[in-house]
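Please view the sequence and the structure first.

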Amino acid sequence: MSEQAKPANITDQAAKGGVLTKLILFSLSLGIIPISSYFLSERYVWNGNSNYAAITAVFAANVVLVTYIILSILEDKSPASVPPDVPKDTKKKQ
Amino acid sequence: MGLYTSYYAFGLPTFVTLVIALYLLFTGSGEAFNVGRFLEESSPYAWAATGIGLCIGLSVLGAGWGIFVTGASILGGGVRAPRIRTKNLISIIFCEVVAIYGVIIGIVYSAKLSQVPDTQIYTKDNYFTGFAIFWGGLTVGACNLLCGICVGITGSTAALADAADPNLFVKILIVEVFGSILGLFGLIVGLLMVGRTKDFAAASP
């Protein structure tokens with residue numbers, strides 16, 4: 001394993017946990033939720049007015065986007081307590 | 001070598017166009033170049049379908065460009081600093097939202113294409129619908145193209161800055177939010193342009 005990746009791998013252990021699952025879920029919902037909200041709101045809410053339905057779909061897409069941002073920032077704040085100890089020990093030994 | 005390339009790139013098409021124009025002029029059929037007749041005789045279906053294609057095509061071009069620029073930076077920076085990998089996916093999602101805007105407008109516009117026989121399609125309302133969808137699609141596509149490039153390059157630099165100093169990421173995210181609003185502007189204008197168009201309808205006899 002290359003020298004550059006060694007300190008990175010130590011800190012990597014904490015950050016696994018379902019990141020790929022979350023990303024796939026959000027990508028699918030970013031595709032499905034706006035399009036479905038466009039068609040459903042056009043038929044059942046706005047009585048065929050396609051402009052209002054498009055605005056609803058844009059709003060839904062932005063809601064998904066903001067949800068992803070909030071979840072990412074929250075997830076980023078909670079861990080990060082365990083990893084920084086290990087590289088400092090290896091540095092001190094050298 | 002570079003000089004001759006520009007001669008061929010700019011000189012040859014200009015020369016060919018000039019020869020054709022002068023030939024038409026001097027053989028008495030100068031009125032064959034008729035912009036008004038072109039606009040009247042080209043089908044509104046052609047205009048509308050081209051507009052929808054440009055809308056989604058240019059939007060996806062912008063989103064894809066942004067995603068590959070940002071993705072390359074995230075992967076490169078993630079070798080030494082793996083903590084940036086998950087948080088910087090926000091930039092990728094911003095670029096993808098631009099493509100979603102293009103899809104929404106494509107769906108709204110394509111709902112206006114209905115089936116009319118070609119002898120009855122040349123009415124005033126159909127001309128308006130065809131032109132409005134063409135230029136609306138081009139507007140939305142160009143806005144989303146530039147928005148995607150903007151968010152992509154900003155996101156790429158955000159990834160590298162985050163790898164160096166984690167405090168910078170939230171500040172650069174504000175720049176990306178402003179860039180993402182550009183795509184929204186294009187979408188609003190695109191919806192306004194086709195706000196009063198009717199679907200394609202047969203001419204009433």
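## The contact between the chains

Between chain B and chain A there are zero salt bridges, a salt bridge being a side-chain nitrogen of Lys or Arg within 4 Å of a carboxyl oxygen of Asp or Glu. This is a predicted model, in which local features need pLDDT of at least 70 and side-chain atom pairs count only at pLDDT 80 or more, while totals for chains, interfaces and linings use all residues. Residues are numbered from 1 along each chain as its sequence is written, chains are lettered from A and ligands numbered from 1 in the order in which they are written, and side-chain values use heavy atoms, with hydrogens and water left out.

The two chains bury about 2,400 Å² between them, 76% of it on carbon and sulfur atoms; buried area is the accessible area (1.4 Å probe) lost on putting two parts together, summed over both. On the side of chain B that touches chain A, α4 (84-87), α5 (89-110) and α7 (168-193) each supply at least two residues. Helices here are DSSP runs (H or I, at least four residues), numbered from the N terminus. The largest share of that side, 12 residues, comes from α5(B).

The table gives the residues taken by the contact (heavy atoms within 4.5 Å).

| Chain | Residues in the contact |
|---|---|
| Chain B | 23 residues |
| Chain A | 26 residues |

## The cavity and a salt bridge

One cavity of 30 Å³ or more is found in the whole structure. A cavity is a set of points on a 1 Å grid over the protein atoms alone where a 1.4 Å probe fits but cannot get out, and lining residues have an atom within 4 Å of a point. Lining the largest cavity are residues including Lys22(A), Glu75(A), Thr86(B) and Leu89(B).

The side chains of Glu75(A) and Lys22(A) also meet in a salt bridge (3.8 Å, N to O). Glu75(A) lies in helix α3 of chain A and Lys22(A) in helix α2 of chain A, so this pair ties together parts 53 residues apart in sequence.

Technical notes
1 Å grid on protein atoms, 1.4 Å probe; cavity = no way out; pocket = protein on both sides within 12 Å on 5 of 7 lines; lining within 4 Å. Points joined across faces, edges and corners; volume = space filled by probe spheres on them.
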